[in-house]
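Trainee: I would like a close look at a single part of this model. Please take me through it step by step.

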Amino acid sequence: MKRIGFLAVAAAIGVAAAAPASATILMPGQSGISFSAFDASTRGTLLESITSGTTGATTYTGSLRSAVYRNTLGTLDFYYQVAIDSIVRGDEVFNLTTAGFLDFSVNALVDGTNFDGAGIFTAANNPNLQGPPGSTTTASRSGSGAIVRADFGDNGLEAAGQTSATYIFRTDATNYNLGGTFTTQDGSVAQRANFQPVAAVPEPATWGMMLLGFGGIGFAVRRSRKTMPRMAFAV
């Protein structure tokens, strides 16, 4: 097996081992993918959460709730929920979209419970989630992989007091910032700044070790050149 093929297989095995067996892996360009039930035993620790109004929307009001958790695998999960206070008759909030996931692996998970007690998330309160047909919400991801989306389907929010389930995007990231976006729409659009995964930045001690390593390599190369025997050629 060529080296590149071996590395690709090893990376795939690593991603599979890091995710729960039931997790739905969301690849760039995919759509209509069913969410997997969230395994509460892997939730981990809340790092930060925010909630805000539906600024920008003209046909509905409510709350956009999001959080970032460090799960028990050591990577980051990004949580999203939409709650409706009022909406124009006949309208329906039909999706939530979040941006900032370029170059990260993403698993699509869902939790309908009041898992954080007095925290910002609540149990899903949407009659359309009750069967049949049950949940019709599916996950999508843009071709670049930067944008992920929960498409509510028949589970759209169309009345005051309705709340979506909490949709969770599990990543392989270990760092985050507030440079992403969280969007909902029913024709009009609400958008706000939101958490996004970011690449880890080496700590100063790590940079120091790297520089020492590069310096040692340079010294060894120079020394080998000095000790290399000179060769004379007859003319």
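Which residue is the bridge partner of N177 in β13? And what surrounds F38?

Mentor: Keep in mind that this is a predicted model. The bridge partner of N177 in β13 is Q196. That bridge belongs to an antiparallel pairing: strand β12 (residues 175–185) runs against strand β13 (residues 189–198) over 9 bridges. The hairpin of β12 and β13 has 3 residues between the strands, and G187 takes a positive phi near 120° there.

Now F38. F38 sits in the loop between β3 (36–37) and β4 (45–53). F38 counts as buried because its relative accessibility is 11%, under the 20% cut-off. Beyond its neighbours within four places in sequence, F38 contacts R43, D77, Y79, L109, V110, D111, I168 and R170. Take I168: 130 residues separate I168 from F38 along the chain, yet their C-alpha atoms are 7.9 Å apart.

Next, the rings. The model has 13 aromatic pairs. F38 and Y79 form an edge-to-face pair, with 6.2 Å centre to centre and 65° between the planes. This pair links distant parts of the chain, 41 residues apart: F38 is in the loop between β3 and β4, and Y79 is in strand β6 (residues 76–87). Y79 is buried, at 0% relative accessibility. Y79 also pairs with Y69, this time stacked, at 4.4 Å centre to centre and 25° between the planes. Y69 lies in strand β5 (residues 60–70) and Y79 in strand β6, so their pair ties together parts that are 10 residues apart in sequence. Y69 is buried too, with a relative accessible area of 6%.

Elsewhere, ring pairs link F35, F78, Y80, F101, F152, Y167, F169 and F182 into a cluster.

How values were computed: Residues numbered from 1 in each chain as written. Predicted model: local features only at pLDDT ≥ 70, side-chain atom pairs only at ≥ 80, totals over all residues. Heavy atoms only, no water. Pairing = 2+ DSSP bridges. Helix = DSSP H or I, 4+ residues; strand = E, 2+ residues; numbered from the N terminus. Buried < 20%, exposed > 50% of the residue type's maximum accessible area, 1.4 Å probe, protein only. Contact = heavy atoms within 4.5 Å. Phe/Tyr/Trp six-rings, centres within 6.5 Å; stacked < 30°, edge-to-face > 60°.
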